[in-house]
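Good morning, colleagues. Please look at the model on the screen while I go through a few of its features.

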Amino acid sequence: MQLERLLQSQGFGSRKVCRALIRAEAVSVRGQPCDDPFLECDPEGLEFSVDGQPWRYREKAYLMLHKPTGYECSRAPRDHPGVLSLLPSPLLTRGVQPVGRLDEDTTGLLLLSDDGVFIHNLIAPKRKVAKVYEVHAKHPMADEQLAALRTGVLLHDATEPVAASACERISERVFLLTVTEGRYHQVKRMVAAAGNRVEDLRRVQVGGLKLPDDLPAGEWRWLETADLARLADG
Ligand code: URA
């Protein structure tokens, strides 16, 4: 693949823009400055840099973000900044978008990708991908309330009860709740239906992939092959 096309595929702009970047000596390939836009490169795993920023060629982008509070997942955020503003611009140019949504005040593991099939497979209800939330309740969680979440609670607009696939107490007010659907405000509404209230909500796991302890709020990282395998394992 020609270098200018490779950069274009990675979100650095049109071919014309990428050609200008290369000609302006802003690009290095495997550590060597390169001013030839037509250099033929094998894209597989290619390491390059643009304006000193290191990148690796990825046919599709898969990443995780530790979503902080105060950010909206919508592509056209209204009242708060959007999560996409936490990513470098090439990722936005290549069409990376959140996999499902977390509320503005929910924190934790948010996946993003430019692979439509990957996104669909994670959010399609029939796939039943497990999402684990750490829930901090306003009032002490009674055993009966946890039991109600396990057996099923009736949400306001629903005709069928919805049940957690797992619900594990951590402390008096904190518990882990696993759900496989992704309905609007689902966890908050389930907890309300069980007779309590969510004060703080954090997603800690999707499928078998956990939010890493060393990923600070507001930071993102690429999903590597082992992470993608864990996701499918859940
Ligand atoms: N359930 C909610 O209520 N809010 C979220 O952000 C995610 C799941």
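Predicted model: local features only at pLDDT ≥ 70, side-chain atom pairs only at ≥ 80, totals over all residues.

Which residue in strand 2 is the bridge partner of S28? The partner is P33. Residues are numbered from 1 along each chain as its sequence is written, and side-chain values use heavy atoms, with hydrogens and water left out.

Strand 1, residues 27–29, pairs with strand 2 in the antiparallel sense over two bridges; pairing requires that DSSP finds at least two bridges between two strands. Strands here are DSSP runs of E with at least two residues, and helices are runs of H or I with at least four, numbered from the N terminus. The open sheet has four strands in the order 2-1-3-4, with antiparallel pairing. Its edge strands, each pairing on one side only, are strand 2 (32–33) and strand 4 (53–56).

I turn now to L122, which is found in helix 4. With a relative accessibility of 12%, L122 counts as buried, the term meaning under 20% relative accessible area with a 1.4 Å probe, protein chains only. Leaving aside residues up to four places away in sequence, L122 touches V99, L111, V129 and L231, contact being heavy atoms within 4.5 Å. L231 is 109 residues from L122 along the chain, and their C-alpha atoms are separated by 9.0 Å.

Conventions: Buried < 20%, exposed > 50% of the residue type's maximum accessible area, 1.4 Å probe, protein only.
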